[in-house]
Amino acid sequence: MKAVKIFLLLLILSSCAGSKVLPRYDSMNYNYYGAQIKANDQFGNALKGELIAANDSGIWVLQNFDKSQVVSWGFRDHQENLVKIDSSNFYFMHLKDLETYRIKYARSKNYAKMMLLAPITFAHGLISVISFPVNLIVTGSVAIAGSRAYQYNEFDLPKEDLHQFARYPSGLPEGLNPKMLNNGVFGSNLSSPWQKARDVKNQTTPKNEGPKRGALE
Amino acid sequence: MKNKALNRWHLPLVFALLVLASCQHYFFRTTYDSANEMLNRSKETNQIKPFLKAHFKNGEVVIFENEWEMDSSQQYITGQGTHYDVYRKTPTYGPQKVRISTVSLFETNERLKNPEMGRIGALTVIGAADLAVGIFCIINPKACFGSCPTFYLNPNSNYHHSDAEGFSSAILPRLAYSDADALPELPATSNLEITMKNEAMETHVVRGVRLKVFPKEDGKTVLQSHDHRFYSVKNGLKPVKAEGHEGDLLPALLAADRFERFSLAHPNSMKHRETVDLEFESNASAPLGLQLHFRQTLMSTFLFYSAMDDMGDQFSDFFAEMESKGGPLLKRFQRIQKELGGIDVSVWDEEMGKWVFAGTFGEFGPIAIENQLLRLPKFKAHQRVKVRLNMNQGLWRLDAARLCTVEKEVEPLVLQPTELRDRYSGKSEQLPSTEKPLVTNPGRQVIWKFSLPSAGNQWVAFLESEGYYLEWSRSEWVKDKNIARLTQMGVSPESYFRKNAKAYKEYEKTMEREFWDSRYSEKQVVYEGR
């Protein structure tokens, strides 16, 4: 029974991996959106969405409209401590109220399915006494590590550095219309021009030409 | 079974999770409020992260490819990239020229070095290991799926903690025999239940199971001798010295704690003798006996299965012939076992100045630990009794040794079971006999109930089982038929042992060390790592 419980626990833990609104780790340097944030304030409010901006006073978050991303992240009590801007999905949370948070800046891989291979070890007969828990440990560890990759929390990333992962790291632009903000899904709708652009580049820019990588004069 | 295994893995599990969970990549991103700062800091560190984003005050951004350059005199950054408006809706790709003064923040990033590599590597390794063990188990099912009926006082124990093992070498009806194993201390109840499991790909035919019990006496115990008699013994002395070719073995042989001494097979031949010398603080004035806790390694299992593997699709023909005719074929089959031999015991006679042969321990089976007595002949020893064990290298595992004073031969009280029932259905069954034996197939578990004259902990008990088992043929064996090798095994075992030493060493490496050692994660097992 204990094996089954651990198996289920790991499976559940791992199932939260693989947010599709984020770029893959190898494309994140081209991402034009902010990182995903889960933020909780001291009153029990919770926000989940794209980090639009952050400064000394607080954070601006565009709540995800993708329902699969907001499970259990609805508002609870004390909503008055959050500022809803222009009846959109755009919210402000005071930095002094911000208690815990988690930033995810790239899409993690979901390795949870690999855990389903653990029961195959019963084909090992008596050795499965060893190989089953070993498989659970390895696949479970990989699944959890995979789901927790590309993340920072309040211990890794201080509040004052949150802006580095915002869409607008230098602060909320003046005159920004929140209703015009869209929940970005890197690599889908808005990445199409990017892909097109890359195609154009591949056609027009000869290889081994152009300025030196990261060169500074 | 699972609980104990998992308990053992709790600590490493938590550790592994913590280690893996903490593997994150930091410092791949840096932001600069000005181009000068970026320039100066990158000069200080002598490197710059190659991917540049220029964030404008109005919220727009230009993301450069990793090819860009800064013209500090003209105050421009140029390069190939994409410009996005504040809402990220109209990207423009192409050569970009950004005036530095319009940029409110520079962000540089470096490419993460495939962070998935470690995770994929771990999964690949475990997948390969699973596959290897799976193939091994197909080829050597006995090593993976156990053998012979196993008996348990605790029904939830697994084969690692089997209390007794029945008729391990009775592979045919004509080889049926009865086999008694010492049980550990019985629970303090007169109604004793013993669970018998079929954990192998075999059909077990059990003609009878009975308890042989002796009343406990202070300072004394009862041991079964290698020739299946029972003796009352006392004064069990621990060895003061134990040496093998690897050095001091004393810690392993002091107590029957499953902290065992074993050696690995000789690399040139599976048949190679080794000695272990024991010394006890005693003289030889009283009748003495050597008590030994021991069992076999998986070498005999390997040989048994290799033989059946070589029989290929004639497996059933060979077994039918051995059963119906016996004779030379059966003798050849049994010769292997005799070639490797048991544990020969000799004592040092100080007056004669030579080793005197005392007898041989020999019991087939790698699962349950035997606890047997070998009576020593009369010999002269003044201060110390010296005992030499001579055995095939890599075939035996020794758990503990004692020098006992043998009092007398004793007769057991034989108790027949009062009830037999299926463990899962609870349904009662008829007690077996030679004519109507109990037949069990893989996975079957039955419970034998005994009624003791008084509380179980007042008795020294032995479990005797009688019967035989039939090995199930595997389709894999058909593919590896090798009658020539099978013949060599029976006709020229010396040559067989030499030629197959390498194959066995491979088997031993994967099985003996990992399979058995893993049982005693909290204890160190002595072995010779040749």
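Which residues does B:L463 touch, not counting residues up to four places away in sequence? In this predicted model, local features need pLDDT of at least 70 and side-chain atom pairs count only at pLDDT 80 or more, while totals for chains, interfaces and linings use all residues. Residues are numbered from 1 along each chain as its sequence is written, with chains lettered from A and ligands numbered from 1 in the order in which they are written.

With those sequence neighbours left out, B:L463 touches B:F151, B:A164, B:A180, B:D181, B:L183, B:I194, B:V209 and B:L211; touching here means C-beta atoms, placed from the backbone, within 7 Å. B:L463 and B:A461 have the most contacts inside the largest nonpolar core, a set of 99 residues. Such a core joins buried Ala, Val, Leu, Ile, Met, Phe, Trp, Tyr and Cys residues through C-beta atoms within 7 Å. Buried means 20 or more other C-beta atoms within 10 Å of a residue's own, again placed from the backbone. A second, separate core has 51 residues, including A:A39, A:L62, A:Y101 and A:A149.

Chain B itself has 530 residues, 41% of them buried. Its secondary structure comes to 12 helices and 30 strands, taken as DSSP runs numbered from the N terminus (helices H or I, at least four residues; strands E, at least two). One of the helices, α6(B), is mostly covered, with 12 of its 13 residues buried; among them are B:F302, B:F304 and B:Y305. Just after α6(B), B:G312 takes a positive phi of about 55 degrees.

Technical notes:
Two residues are in contact if their C-beta atoms, placed from the backbone, lie within 7 Å.
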